[in-house]
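Here are a few exercises to work through with the model open beside you. Try each task before you read its solution.

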Amino acid sequence: LRPEVLDLSDTLTDLSHLLNRLVGERVSLTVSHDPALAPIRADKRQLEQVIMNLVVNARDAMPTGGEIRIETALHHMKQELRRDRAVVPPGDYVLIRVVDEGQGIPADKLSKIFEPFFTTKRVGEGTGLGLSTAYGIVKQSGGFIFVDSVPGSGSCFTIYLPVLGPVLPDARAGDRA
Ligand code: C2E
């Protein structure tokens, strides 16, 4: 693990060419940055791997095409968030959302998708390691990852990465998440 101070907007901009190639011609990819993002501390290569995993899954969920949106936001968590047995402490986070318009994930599978070797893909198509790897990397960066999904209309993966150091009140005013 080689954690470094990262500006996520730069990381995503650097990665966008590769992501556009990955999604192919039927799928469009839009990246929208919160202009007021704060620095985080993470391993750049690993974080890129997480985003690539999520984008490939989103693409595969839309075999006939559609749109993938990657959004970032600076988010001030006023009180702890309890979700999926996780407890996200209050504080400032950089959020990354990867949103697709794919077939969605059935409710009974949602709680399992971050487990190793779990896959909704057909035999031979997925290793089942993508999301558990993503989960592990996010954990190692002190972050959290959650999924929302509506079968038939799409999925949204949200990553919370703790902001490095204090966030200026000015930046916080732009908090939309
Ligand atoms: P769990 O997956 O059974 O994990 C139990 C404990 O093992 C975690 O407690 C954590 O201390 C450790 N652990 C598990 N996986 C990793 C990992 O990849 N890296 C590291 N460094 N430690 C790991 P914790 O954090 O209190 O979490 C309790 C339960 O909350 C977890 O049970 C899991 O079900 C859920 N959870 C925690 N973080 C997340 C998250 O980011 N997303 C989601 N969806 N669930 C989470």
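A crossing is called left-handed if the near helix is turned anticlockwise from the far one by less than a right angle, and right-handed if clockwise. Helices (H or I, at least four residues) and strands (E, at least two) are DSSP runs, numbered from the N terminus. Residues are numbered from 1 along each chain as its sequence is written. What you see is a predicted model: local features need pLDDT of at least 70, side-chain atom pairs count only at pLDDT 80 or more, and totals for chains, interfaces and linings use all residues.

**Exercise 1.** Work out how H2 and H4 cross, and which residues meet there.

Solution. Start with the axes, which are lines fitted to C-alpha atoms, for helices over the stretch in contact, with angles running from 0 to 180 degrees between N-to-C directions. Those of H2 (residues 44-60) and H4 (residues 130-140) come within 9 Å and cross at roughly 145°. Next, the hand: this crossing is left-handed. Then look for contacts (C-beta atoms, placed from the backbone, within 7 Å). From H2 you'll find Gln46, Gln49, Val50, Asn53, Leu54 and Asn57, meeting Gly130, Leu131, Thr133, Ala134, Ile137 and Val138 of H4. Finally, sort them by class: six are nonpolar, six polar and none charged. Here Ala, Val, Leu, Ile, Met, Phe, Trp, Tyr, Cys and Pro count as nonpolar, Asp, Glu, Lys and Arg as charged, and the others, Gly among them, as polar.

**Exercise 2.** Find the residues that touch the most other members of the largest nonpolar core.

Solution. A nonpolar core is a set of buried Ala, Val, Leu, Ile, Met, Phe, Trp, Tyr and Cys residues joined through C-beta atoms within 7 Å. Buried means that 20 or more other C-beta atoms lie within 10 Å of a residue's own (exposed: 12 or fewer; partly exposed: in between), with C-beta atoms placed from the backbone. The core has 38 residues, and the ones you want are Leu54, Val94, Val98, Ala134, Val138 and Ile159. H2 gives the largest share, six residues. Now zoom in on Val94: leaving aside neighbours within four places in sequence, its contacts include Leu8, Ile40, Leu74 and Leu161.

Conventions: Two residues are in contact if their C-beta atoms, placed from the backbone, lie within 7 Å.
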